[in-house]
Amino acid sequence: MPTRPNVTYPSALVLEALAKGYAYGFDIMEVTGLPSGTVYPLLRRLESVGCVESRWESEKAAARDGRPARRYYRITGEGEVLLARGKERFAAVGKAVRSGRSRVSEESPAW
Amino acid sequence: MVSDDEVRATPLLAVARTIVAVASLVVPAEQRDEWTREWNAELWYLHDSLVRDDRLTIAEHARFLLRASGSLVDAVQLSTGDMQAWRESFVEVGARWWRRSPVVATALLFLSLGIAADAMLIAFARALVEYPSATWAGLAPSTRGLTIGVAALVGVSLLVASVVVTAQLLGGVGATTEHRTRERRAELLLAAVITAWVAHAVATYGAIAIPNETPEWQAPPDLNAMLTHAWLATWLCALLLLAVLRRHRRGAGAM
């Protein structure tokens, strides 16, 4: 069974961005200010311990629009618990990420 | 309106994709396709928004490529597993390498030490040539020349010796499976980062510490650039030598 990771400031920021509706790796970088070499490894680690889940959008829909399909990320219940712990530890997390939503395609996967 | 083909054809995106393609070499084979697809897709969207909003300034070019180079870090992390441990302690990584393969760990240690020392020697020798008054207060030109010569000789010997030892040690490791090749690439990449870090740290601390001891010393203004060039040149030579030695070994084995 995967162990719940220690909540670090960057992981709390990533979870906060996901909780606020940002769904793509590069959008998370934009709103958290974290570099790409930090965000992706964090997303993978959080996904491996069940705090984040990801899906690919439909290839068909993307191909129809002449663009590549994108991978979406979403925070899970486990992730919410970890985020709450993160907010207790790092008070600035909530303010560091502005509210918003990624431009999720209309045909994004059903969660 | 910018067409999709125009967006795809931009050299900036091609460079970024090349970075991702290079990084993908160290990603485990079973994850490589999906990993590459995700990075390329995200870069495409970012690039697309920059082109459509006409924001492709020099600064945005640099920022874009910096983001693409994050794929290298991501790839190494995927390849080497749990990176939190090595972030916290280089010693742990060394121990893990040692447990997995003492021979490879020793080979990498030799190569790293050789390259780090060599890069520092080359940078120092260059500093002597370009800033003789700053680094050589009161030393005769003949002595200066001799010292530079000795430094160059030691540098080259050090590089050749460390590469030969590395090739010998790596040659002794059994069959090269795809898994091992991937690990070797990741380790070499990590060794490159460590040597760069060590060389820069030593040079920076050296440049700060020496003036306190010797009032006439002035650190060259571009010491870090010198060191980076020396480090790149040393790595290039080391990899070239390694390739030649491996080819030679294969040739000998085929006979």
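Of the 111 residues in chain A, 37% are buried, meaning that 20 or more other C-beta atoms, placed from the backbone, lie within 10 Å of a residue's own. Keep in mind that this is a predicted model, where local features need pLDDT of at least 70, side-chain atom pairs count only at pLDDT 80 or more, and totals for chains, interfaces and linings use all residues. Residues are numbered from 1 along each chain as its sequence is written, while chains are lettered from A and ligands numbered from 1 in the order in which they are written.

Let's walk along chain A. Its six helices and two strands are DSSP runs numbered from the N terminus, with helices (H or I) of at least four residues and strands (E) of at least two. Their order along the sequence is α-α-α-β-α-β-α-α.

Now look inside. The largest nonpolar core has 43 residues, and V14(A), L18(A) and L43(A) are among those with the most contacts inside it. Such a core is a set of buried Ala, Val, Leu, Ile, Met, Phe, Trp, Tyr and Cys residues joined through C-beta atoms within 7 Å. Six of the core residues, the largest share, come from α1(A). Setting aside neighbours within four places in sequence, L18(A) is in contact with V52(A), Y73(A), R74(A), I75(A) and G79(A); contact here means C-beta atoms, placed from the backbone, within 7 Å.

Finally, turn to where the chains meet. Chain A and chain B bring 14 residues each to the contact. On the chain A side, α2 (25-32) and α3 (36-48) each supply at least two residues, and α3(A) gives the largest share, four residues.

Terms used
Contact = placed C-beta atoms within 7 Å. Buried ≥ 20, exposed ≤ 12 C-beta atoms within 10 Å, placed from the backbone.
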